[in-house]
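This report describes the protein displayed below, moving from its overall form to selected details. Please keep the structure in view while reading.

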Amino acid sequence: MNDDLRRNLGPLAALAGIWEGQKGDDTAPADDRGVENNKYRERLVFEPIGPTQNHEQVLYGLRYSTMAWRLGEETPFHEELGYWSWDAKAKQVFRAFMPPRGLTVFAGGSVEPTAREWKIAAEVGSATFGICSNPFLDAEFRTVRYDLKITVHGDDSFSYEEDTVMLMKGRKDLFHHVDKNTVKRVAEAK
């Protein structure tokens with residue numbers, strides 16, 4: 001990754017590269033609509049891209065993929081593909097992603113260019129930072145809100161905590177599907 005691209009990534013520059021974490025913690029809906037907890041390992045790949053131009057809006061960002069495996073298992077239980085974008089003029093970070101379950105999330109928020117910690121969010125029904133699901137998920141596990149907090153600990157470590165808030169059929173209370181992990185850089189961005 002050249003210096004010019006790194007400068008234009010704003011706070012996302014810290015995420016460029018390949019990362020792995022062995023101590024993920026996942027609180028998720030169980031098959032009976034109760035609660036299950038999974039410990040997991042994961043691999044995240046963030047590849048710098050840009051500029052992307054929307055007329056006068058100029059974005060730089062990261063193409064990314066994530067795969068996660070329950071500890072002791074060889075088959076991934078979660079994966080997703082997406083993009084992180086930085087709008088320097090608006091001082092906003094966007095994250096668009098899609099796991100193969102039939103759900104898309106476009107989250108965002110205001111972030112300072114040198115931030116080492118930030119939060120982004122999405123809400124169902126929002127025209128700008130929103131959530132869209134397939135008919136089954138909308139009826140059975142409707143995602144109503146998504147919150148993510150990123151904390152960069154240094155050049156080679158960051159952590160995240162994400163809360164996917166769901167209205168599940170058969171439950172009166174909202175379910176907080178929470179994932180968190182601290183990951184370490186295993187390779188630099190190209």
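## Overall architecture

The structure is a predicted model. The protein contains two helices and eleven strands. Followed along the sequence, these elements are arranged as α-β-β-β-β-β-β-β-β-α-β-β-β.

The C-alpha trace spans about 50 × 40 × 25 Å along its principal axes. A compact globule with 190 residues would have a radius of gyration near 16 Å, and the value of 17 Å found for the protein agrees with this. Buried residues account for 47% of the 190 residues. Among contacts between residues at least 6 apart in sequence, 52% join residues at least 24 apart.

## The largest pocket

The largest pocket has a volume of about 850 Å³. Its lining consists of 40 residues, and those nearest the centre of the pocket are D26, H78, R101, H177 and D179.

Which element supplies the largest share of the lining of the largest pocket? That share, six residues, comes from strand 2.

## Salt bridges

The model has 18 salt bridges. One of them joins the side chains of R7 and D4, with an N to O distance of 3.7 Å. These two residues lie three residues apart in helix 1 (residues 3-8), so they are separated by about one helical turn. R7 is exposed, because its relative accessible area of 61% is over the 50% cut-off. D4 has 44% relative accessibility and therefore counts as partly exposed.

A second salt bridge connects the side chains of D25 and K39, at 2.8 Å from N to O. This pair links distant parts of the chain, since D25 belongs to strand 1 (residues 17-29) and K39 to strand 2 (residues 35-54), 14 residues apart. D25 counts as buried, because its relative accessibility of 17% is under the 20% cut-off. K39, by contrast, is partly exposed at 45% relative accessibility.

R145 and D147 also form a salt bridge, in which the closest N and O atoms are 2.9 Å apart. Both partners are partly exposed: R145 has a relative accessibility of 28%, and D147 has a relative accessible area of 25%.

Where in the chain is F77 found? F77 is located in the loop between strand 3 (57-70) and strand 4 (78-87). Its relative accessibility is 17%, so F77 counts as buried.

Neighbours within four places in sequence aside, F77 is in contact with D26, Y40, A68, W69, R70 and R101. Two of these partners, D26 and R101, are also among the residues nearest the centre of the largest pocket. F77 may also be compared with G24: the two residues are 53 apart in sequence, and their C-alpha atoms are 13 Å apart in space.

Terms used: Residues are numbered from 1 along each chain as its sequence is written. This is a predicted model: local features need pLDDT of at least 70, side-chain atom pairs count only at pLDDT 80 or more; totals for chains, interfaces and linings use all residues. Side-chain values use heavy atoms; hydrogens and water are left out. A salt bridge is a side-chain nitrogen of Lys or Arg within 4 Å of a carboxyl oxygen of Asp or Glu. Helices (H or I, at least four residues) and strands (E, at least two) are DSSP runs, numbered from the N terminus. Buried means under 20% relative accessible area, exposed over 50%, partly exposed in between (1.4 Å probe, protein chains only). On a 1 Å grid over the protein atoms alone, a cavity is a set of points where a 1.4 Å probe fits but cannot get out, and a pocket is an open set with protein on both sides within 12 Å along at least five of seven lines; lining residues have an atom within 4 Å of a point. Grid points are joined across faces, edges and corners, and a volume is the space filled by probe spheres set on the points. The radius of gyration is taken over C-alpha atoms; the globule rule is 2.2 Å times the number of residues to the power 0.38. Contact means heavy atoms within 4.5 Å.
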